[in-house]
Amino acid sequence: MPNQKRNHTTAQVRAWIAQGVQRLGVDEMRLRAARLLGWQLLNASNLVPTRVQARHEQRFPKARRLLLANQAASGSIALDGMTDAARQRNGVAAVAQVDGGCPCRGTGGITLGGAEPGESYERLCPVHRAAEILAHHRARRAGA
Ligand SMILES: [Zn+2]
């Protein structure tokens, strides 16, 4: 796994991926990827609860290393592509999980705002309502 930004060969990146799969196993790799995706979805909306952030930092103590690994993995996907099965499995945010409890508590809605009536509002959970959010953005782009 990369520790520094360098130009790594495709063969080296493939070897790191294979090493990770061998060390952790496919099920653990998929679980970690699902939890990372859940964290990324919440983080993009600035909705990561403290307990979820703590677990994320425990799992990935070196943020820069995670960034570099993500960049290498993205490059790997760009070069090697994905199988149809992987694309189908990973293409939807429905695979995302939140380690430590989603702020929506599984309801799909997150209440934000003040404590006074009229100051709070509910927004869609970026993890559990991802498909609906994506469909909304696609419809807006299409001019609907
Ligand atoms: Zn949720």
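Let me start with the loop between α2 and α3, where Asn46 sits. Asn46 is not a glycine, yet it has a positive phi of about 55 degrees. Asn46 counts as exposed because it has 6 C-beta neighbours inside 10 Å. The cut-offs are these: with C-beta atoms placed from the backbone, a residue is buried if 20 or more other C-beta atoms lie within 10 Å of its own, exposed if 12 or fewer, and partly exposed in between.

Before going on, a word on the source. This is a predicted model, in which local features need pLDDT of at least 70, side-chain atom pairs count only at pLDDT 80 or more, and totals for chains, interfaces and linings use all residues. Residues are numbered from 1 along each chain as its sequence is written.

There is another residue of this kind. Arg105, also a residue other than glycine, has a positive phi near 55 degrees. Arg105 is in the loop between α5, residues 84–90, and β1, residues 109–113. Arg105 is exposed, because 11 other C-beta atoms lie within 10 Å.

Now the chain as a whole. It has six helices and two strands. Starting from the N terminus, the order is α-α-α-α-α-β-β-α. The C-alpha trace spans about 55 × 40 × 30 Å along its principal axes. Of the 144 residues in the chain, 14% are buried. Two residues are in contact if their C-beta atoms, placed from the backbone, lie within 7 Å. Among contacts with a separation of 6 or more, 62% come from residues 24 or more positions apart.

Helix α2 covers residues 26–44, which is 19 residues. From first C-alpha to last it reaches 27 Å, close to the 27 Å expected at 1.5 Å a residue. The expected span is 1.5 Å times one less than the number of residues.

Which residues of α2 are buried? They are Gly38, Trp39, Leu41 and Leu42. Seen down the axis of α2, these buried residues fall within an arc of 160 degrees, so they line one face of the helix. The arc is taken from the directions from the helix axis to the C-beta atoms. On the face turned away from the buried side are the exposed residues Val26 and Ala44. What covers the buried residues of α2 includes α3, residues 50–59, and α6, residues 130–141.

Take two residues of this helix. Leu42 lies in α2 and counts as buried, because it has 24 C-beta neighbours inside 10 Å. Setting aside neighbours within four places in sequence, Leu42 is in contact with Leu47, Val48, Val52, Val98, Pro126 and Val127. Leu42 and Val127 are 85 residues apart along the chain, and their C-alpha atoms are separated by 6.9 Å. Gln40 also lies in α2, but Gln40 counts as partly exposed because it has 17 C-beta neighbours inside 10 Å. Gln40 and Asn7 are 33 residues apart in sequence, and 25 Å apart in space from C-alpha to C-alpha.

α1 is hardly covered, with a count of one buried residue among its 15. Just after α1, Gly25 takes a positive phi of about 90 degrees.

How do α1 and α2 pack? Helix α1, residues 10–24, meets α2 at an angle of about 110 degrees, with the axes 6 Å apart. That makes α1 roughly perpendicular to α2. Axes are lines fitted to C-alpha atoms, for helices over the stretch in contact, and angles run from 0 to 180 degrees between N-to-C directions. Angles under 35 degrees count as roughly parallel, over 145 as roughly antiparallel, 65 to 115 as roughly perpendicular, and the rest as oblique. Gly20, Val21 and Leu24 of α1 and Val26, Glu28 and Met29 of α2 make the contact.

Last, α6. Ile133 lies in this helix and is partly exposed, because 17 other C-beta atoms lie within 10 Å. Beyond its neighbours within four places in sequence, Ile133 is in contact with Leu124 and Pro126.

Note on methods: Helix = DSSP H or I, 4+ residues; strand = E, 2+ residues; numbered from the N terminus.
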